Amino acid sequence: MKRQLPHPLRSSQENVNASSSSSQETRRVSREISASSAPERTTDPQILSSRRQIMRQHKQASGGVSENALQCPICKDRFKSPKITPCQHTFCLQCLKNQVATSNKRDGCFTCPVCDASFDGRAPENLPNNLYIESLLAISSKKQTRPPKSTGYCYACWKKHVDDDLKEELGNISDDLETSTARFKEKIIYFRNKANEMKDFISRDIEAKIADLNKRKENRIKKVDHIIATGEMSVEDIEQRMQKTQAEVKEGKDVSYDLLPANEKKVKIFLDLQQKATEAMAAMVIWESELHDIEMGLAEINKRGGSVIKENVGPLYKRKVFTPKIIVNRDMVQRPSALAVDSWRDHIITTCPGSGQVVILDRKFRLIRRIRHREMMAPQGVAFLQENDEIYVTDKWKHCIFVFNHKGKLARRMCSKGQGESQLRSPEGITFYLERNVFYVADTGNDRIQILKKDGSYLGSIGPIGKRTRNTVRLRNTNPGPSHLNQPTDVAVTATRVVVADSGSHKVKIFDHNGQILQTIGGVGTSKGLFKSPEVLRIDKKGNIIVGDAGNGRVQIFSPEGEFLRVLGSKGTKERQFGWVSGVLVTNDYDIFVADSKNNVIYLF
């Protein structure tokens with residue numbers, strides 16, 4: 001059975017009442033002493049005895065406040081940084097941290113030792129301060145039960161001096177309350193703004209999806225209309241031939257055939273009409289056979305477009321069983337980083353900053369080619385452009401992008417070091433967005449995402465306030481906040497979203513294509529849904545976000561709405577553990593490749 005500890009606020013109230021009684025008795029005796037108007041110290045034994053009794057009572061009352069109201073129920077010592085829990089009990093900040101650290105509960109739940117109430121204790125420093133206890137601590141550190149001889153105060157005057165200190169502390173408490181009220185109002189405004197932003201996000205997201213669906217609808221209807229138009233042309237031609245042949249046969253039967261004198265001519269006309277009728281009927285048979293192909297074409301259009309209404313079968317990643325397997329080790333790669341797929345040949349491409357080269361593997365993960373160049377020093381990000389059959393590689397130390405053909409020959413070099421348009425500083429992640437035919441580059445050193453054409457010319461950027469260049473998308477917020485990028489290391493793009501691994505702020509940030517912030521996922525921490533330097537990310541074909549949580553040595557998977565789904569791996573140097581997640585890649589079959597630059601391996605889940 002848990003021991004019930006004294007309630008600190010209740011004890012403090014009792015002590016204050018005791019102190020108040022003692023103060024009343026002090027004022028009564030002070031009036032008696034003042035009434036005597038004695039110019040010198042009294043020697044009356046009765047008065048001296050009363051003074052000693054009052055001093056003892058005041059000392060006992062003051063001692064009660066120090067021992068009970070100012071005592072932490074956990075450490076049994078005076079409060080240090082007193083914090084009020086949601087159950088209205090007070091504890092030292094460090095005591096709360098120690099209790100959470102020693103708790104066996106993984107969710108950071110804290111159980112109050114006074115009332116057994118449970119609450120989230122993962123951030124005890126965010127709990128409100130106990131202003132009442134703080135004021136008592138401040139006063140008790142100043143207050144003395146007997147006036148110092150050097151002051152020349154009598155007890156009554158000394159008590160008035162202490163009362164003045166109390167008034168001053170009450171003034172401080174009043175100032176603290178005003179500050180807290182102002183902060184609370186700011187929190188309310190922030191909450192309402194976030195709620196309005198969420199409404200705007202939902203509206204924009206739904207509108208973008210509706211626009212995308214309408215576009216898909218128009219494309220599919222155009223294809224169907226084309227097939228119908230082609231079929232209708234054939235139908236019209238066959239109908240004309242059938243009508244013409246039918247008229248000729250009828251005329252020959254009713255008119256021409258009877259007027260012919262010779263049987264030979266009759267036979268010739270008969271054979272001619274029979275041939276025309278046969279050809280017309282054959283054309284109809286051919287069209288009927290082509291009808292099957294038309295139906296197959298319509299079915300293919302519907303299959304490629306997909307169904308708008310889908311059965312809700314639950315998140316795939318919650319059901320899928322992932323079994324890690326090492327496919328490449330340190331013998332083949334040194335500090336492997338970004339991963340990409342050669343979509344023409346199904347080859348795996350990975351950059352290796354440790355050896356300054358790009359490694360290409362076949363379908364069975366055997367080495368095909370190593371791409372080296374004397375100018376390439378630290379290849380980091382990689383993207384494969386199917387249209388040009390080229391490999392784009394960012395170089396973190398050379399501050400540029402190298403472009404190679406699929407055989408590893410250097411085609412060209414794009415961008416240069418700097419802060420301007422088409423200039424980079426320590427670039428990392430790179431991805432190609434096919435719909436707009438542009439690249440998105442994580443310009444890490446410049447705290448922005450640059451949007452470039454295939455030749456490297458500048459189109460725009462999503463970046464921080466205060467480093468704006470021409471045509472740079474500027475976000476609405478004027479202060480560092482959700483829209484501020486701090487060392488972005490990777491980027492992924494869909495039809496409606498630009499998703500950024502903002503490593504410096506330990507968050508994943510989601511923008512629309514106009515650069516407006518839509519959503520933020522995570523924050524610094526080790527719990528599920530939190531990050532330590534999320535360095536890489538990818539988006540699968542259903543919109544789920546796969547994040548390489550580098551500092552925590554794991555891969556976290558989120559739904560398109562940002563809901564946490566599951567985690568893969570853990571931090572360490574043993575087999576099936578990650579030292580530093582430096583690259584992720586997801587296939588159409590939802591297999592996940594993970595590069596670990598610290599352990600020099602690549603896993604397949």
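This is a predicted model: local features need pLDDT of at least 70, side-chain atom pairs count only at pLDDT 80 or more; totals for chains, interfaces and linings use all residues.
Reader: Why is His347 called buried?

Author: The relative accessible area of His347 is 16%, and the term buried applies under 20%, so His347 falls within that class. This residue is found in strand β7, which spans residues 347-352. Leaving aside its neighbours within four places in sequence, His347 is in contact with several residues, including Val341, Asp342, Ile360 and Leu361.

Reader: What makes Arg204 and Asp512 a salt bridge?

Author: The closest N and O atoms of Arg204 and Asp512 are 3.8 Å apart, and the rule asks for a side-chain nitrogen of Lys or Arg within 4 Å of a carboxyl oxygen of Asp or Glu, so the pair meets the definition. Arg204 lies in helix α5 (residues 155-259), whereas Asp512 lies in the loop between β23 and β24, so the pair ties together parts that are 308 residues apart in sequence.

Reader: Why is Arg204 called partly exposed, and why does Asp512 count as buried?

Author: Partly exposed covers the range between the buried limit of under 20% and the exposed limit of over 50%; Arg204 has 26% relative accessibility, so it counts as partly exposed. Asp512 has 11% relative accessibility, and therefore counts as buried.

Reader: How do you know that Asp389 forms a salt bridge with Arg345?

Author: The closest N and O atoms of Asp389 and Arg345 are 2.6 Å apart, which is within the 4 Å that the definition requires, and so the pair qualifies. Asp389, at 16% relative accessibility, counts as buried, while Arg345, with a relative accessible area of 23%, is partly exposed.

Reader: Which residues are linked with Arg345 in a network of salt bridges?

Author: Asp342 and Asp389 are linked with Arg345 in that network, and Asp342 is also one of the residues in contact with His347.

Note on methods: Residues are numbered from 1 along each chain as its sequence is written. Side-chain values use heavy atoms; hydrogens and water are left out. Helices (H or I, at least four residues) and strands (E, at least two) are DSSP runs, numbered from the N terminus. Buried means under 20% relative accessible area, exposed over 50%, partly exposed in between (1.4 Å probe, protein chains only). Contact means heavy atoms within 4.5 Å.
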